[in-house]
There are 2 protein chains.
Amino acid sequence: MRLINENYLELQGSYLFSEIAKRVNRFKEENPDADILRLGIGDVTRPLVPAVVEAIKKAVDDMASADTFRGYGPEQGYDFLREKIAQHDYCERGIAITADEVFVSDGAKCDTGNIQELLGTEVHIAVTDPVYPVYVDTNVMAGRSGNFDPAEGRYTNITYLGVTEENGFVPELPDERVDVIYLCYPNNPTGTVLTKAELAKWVDFAGKNNALILFDAAYEAYVTEPDIPRSIYEIEGAKEVAIEFRSFSKTAGFTGARCAYTVVPKALKGYDSDGNEHSLNAMWLRRHTTKFNGVPYYTQRGAEACYTPEGKSQIQTDIDYYLGNAKIILQGLKEAGIKAFGGVNSPYVWLKCPGQMKSWDFFDKLLKEAHVVGTPGAGFGRSGEGYFRLTGFNTKENTMKAIERLMKLK
Amino acid sequence: MRLINENYLELQGSYLFSEIAKRVNRFKEENPDADILRLGIGDVTRPLVPAVVEAIKKAVDDMASADTFRGYGPEQGYDFLREKIAQHDYCERGIAITADEVFVSDGAKCDTGNIQELLGTEVHIAVTDPVYPVYVDTNVMAGRSGNFDPAEGRYTNITYLGVTEENGFVPELPDERVDVIYLCYPNNPTGTVLTKAELAKWVDFAGKNNALILFDAAYEAYVTEPDIPRSIYEIEGAKEVAIEFRSFSKTAGFTGARCAYTVVPKALKGYDSDGNEHSLNAMWLRRHTTKFNGVPYYTQRGAEACYTPEGKSQIQTDIDYYLGNAKIILQGLKEAGIKAFGGVNSPYVWLKCPGQMKSWDFFDKLLKEAHVVGTPGAGFGRSGEGYFRLTGFNTKENTMKAIERLMKLK
């Protein structure tokens with residue numbers, strides 16, 4: 001009998017972006033001449049930088065000749081890229097990570113989704129609220145979530161850590177047993193950050209409770225302030241308790257090119273039910289080599305070019321551009337008397353909907369009166385209700401125009 | 001507590017290719033001047049064809065300009081590629097498959113590994129023996145295999161279907177309950193095929209038993225004889241019982257470029273424990289959009305170019321080249337009085353080790369006396385013992401030289 005994985009039946013519809021598209025399309029039909037500006041974009045819009053383009057094309061040429069052709073590569077990534085990552089993103093910043101602790105993949109989404117396969121189904125997970133939905137859905141699929149409680153809008157077996165205005169967007173340590181904690185900093189969707197001291201509390205908690213931190217650092221390149229960690233391994237003891245996910249997507253514009261990496265330190269151990277230690281690095285290597293076949297050779301050459309002096313400088317220009325847009329948004333909201341958060345170490349700005357409006361009501365108002373599209377905070381979880389996400393990923397011109405309109409809202 | 005997925009503890013070491021490398025390296029140290037020829041290669045060696053290279057480079061140029069830049073694409077693949085696949089690989093061959101039944105991915109290995117996530121842990125799986133190890137290992141990781149029995153060399157909860165000289169390499173229908181059947185045809189590693197009538201028996205069996213066939217057609221492009229199906233959907237009723245996996249790897253040389261696709265027909269249903277029907281197409285879409293983020297835009301453009309008249313013709317030249325090598329191997333073995341199978345609709349030749357030798361003994365003899373490397377059949381499962389795999393993926397020159405040496409073996 002073709003019995004399905006019944007955990008899938010507990011998945012909730014992912015209506016956020018389809019509902020946005022539906023409402024925008026309806027508005028466009030009714031107002032065909034409206035100049036709609038999108039500040040809800042979670043995707044980069046600047047093209048790949050010249051250093052990366054050149055490296056990819058050169059590597060595609062390698063593939064065109066038998067002498068230089070590359071077939072199957074190592075599933076965990078070519079040494080040339082793993083070594084550059086270890087050197088530039090860690091060693092040069094004083095963090096001792098070795099190339100064999102770095103696993104190259106086709107996306108942080110894939111890795112944050114797949115990593116839970118290494119864990120027993122009985123582990124208890126904690127996520128922030130609001131949250132990136134992949135962390136939750138992949139655990140629902142694996143049977144760890146319990147049932148969905150519609151009244152609460154939450155799964156019964158997941159611990160939700162509020163990231164809210166009330167706690168200054170600093171989640172509190174849980175007072176119940178938690179085995180695995182997903183943390184994304186700089187945070188998606190709120191754009192807020194943790195200081196080193198705040199993150200150190202979580203590393204300490206994980207150490208004391210033999211818990212695992214899954215640290216999504218996909219936005220680390222946007223950190224501008226001192227004392228804000230770009231890697232969890234800046235915290236002492238983190239190599240014993242944390243896996244870190246990073247990506248070339250939001251840094252070097254690889255959302256359509258697909259390259260990311262995950263660091264699984266060799267010092268990090270898991271336990272079997274008899275209490276024996278097992279290397280999570282070895283387990284991830286086995287998973288990676290069994291279920292994955294590597295990132296295209298030419299894409300890895302493109303990622304490698306991100307670490308050249310030209311690549312670094314060209315990429316920084318793009319990040320500064322997006323951060324500049326976030327600044328424009330923040331200032332405009334301030335002038336309009338709207339409370340806003342994030343946007344300093346992140347391309348994301350998280351605003352409190354004016355006049356106690358609900359997220360979707362503000363979405364409709366912004367669309368109808370300003371012809372501006374954003375993302376309702378409620379779509380990221382219960383604690384996002386009453387909030388709204390704008391991003392710095394559009395052009396500077398469009399961002400300025402959108403904010404001018406937003407400031408004129410009644 | 002960081003409890004691990006203890007199913008991983010049941011995985012057996014995958015020593016085949018590392019053991020080969022170890023023995024070859026030792027031989028090279030002892031015989032530094034030996035001209036070692038590799039006929040064990042499971043990877044293509046011909047470069048990407050010009051039509052593909054041109055399309056990839058043009059698409060990389062698209063990524064270099066804001067006007068034509070592509071960020072996140074649809075996780076299941078761009079329509080331009082899904083439509084070409086449905087049209088050229090199915091509709092033009094009289095099989096009604098629609099674009100929304102085609103899911104583009106980064107590899108058939110990934111897809112055949114991930115597909116089992118849609119199924120309950122209690123389903124009973126069957127694999128052929130010898131077999132591509134990914135089918136087994138991914139089910140071990142999911143907890144479906146039972147324990148490994150070292151005396152039998154098999155897992156206790158898996159049904160093994162012999163693909164052997166005794167049954168003419170045509171597996172027999174199982175006489176026990178089986179819910180999921182992995183079939184790879186043209187077969188890896190034996191290079192043998194099933195006729196339409198033989199495959200129809202499996203479709204019929206699956207229909208009668210509500211079983212699911214996972215049909216790996218990664219080598220379909222090598223089919224040269226009439227009456228050998230290139231797709232399981234050539235068999236009536238297959239859309240109700242089978243998922244098909246295909247790849248650009250062994251056809252268009254994409255082993256280092258990474259693009260494949262899986263067909264999940266909308267007519268195919270799974271069941272929950274209450275007997276309700278669920279669409280496996282919808283479940284795979286959910287899985288794909290949650291845990292995967294699409295194949296690079298430029299790689300998909302390269303895959304699209306495989307369907308142009310130039311692309312088709314250039315790719316066929318390469319396939320004919322590899323098939324020509326397989327023919328050379330087959331003829332040489334025949335002249336040497338060694339029994340051999342496959343190699344007609346496949347780049348793989350499966351030979352019976354002469355003189356009742358065991359697989360690894362023949363490996364050593366071939367290496368030491370002919371300086372030729374192949375793959376011991378025992379590495380693919382118990383029924384592979386006493387057999388050996390050679391492949392047509394080296395150059396014609398090396399293939400001829402290797403076979404000349406092999407024919408002189410005492």
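Two residues are in contact if their C-beta atoms, placed from the backbone, lie within 7 Å. Keep that cut-off in mind for the stops below.

This is a predicted model. Its scores are ipTM 0.97 and pTM 0.97. In chain A the mean pLDDT is 97, and 100% of the residues reach 70 or more.

**Stop 1: where the chains meet.** Select chain A and chain B together. Each side brings residues to the contact: 67 from chain A and 67 from chain B. The chain A side that touches chain B consists of 31 nonpolar, 20 polar and 16 charged residues.

**Stop 2: the two domains.** Colour 6-47 + 311-407 of chain A as domain 1 and 52-308 as domain 2. Their C-alpha centres are 25 Å apart. Where they meet, 34 residues of domain 1 of chain A are in contact with 43 residues of domain 2 of chain A. On the domain 1 side, look for α10 (309-335), β13 (340-342) and β14 (348-352), each supplying at least two residues. The most come from α10(A), with 6 residues. By type, this side of domain 1 has 14 nonpolar, 12 polar and 8 charged residues.

**Stop 3: one proline.** Select P174(A), in the loop between β6 (159-162) and β7 (180-184) of chain A. Leaving out residues up to four places away in sequence, P174(A) touches A126(A), T159(A) and L161(A). Finally, select I228(A), 54 residues from P174(A) along the chain; the C-alpha atoms of the two are separated by 22 Å.

Methods. Residues are numbered from 1 along each chain as its sequence is written. Chains are lettered from A and ligands numbered from 1 in the order in which they are written. This is a predicted model: local features need pLDDT of at least 70, side-chain atom pairs count only at pLDDT 80 or more; totals for chains, interfaces and linings use all residues. pLDDT is the predictor's confidence in each residue, from 0 to 100. Helices (H or I, at least four residues) and strands (E, at least two) are DSSP runs, numbered from the N terminus. Ala, Val, Leu, Ile, Met, Phe, Trp, Tyr, Cys and Pro count as nonpolar, Asp, Glu, Lys and Arg as charged, and the others, Gly among them, as polar. Domain bounds come from an automatic or database domain assignment.
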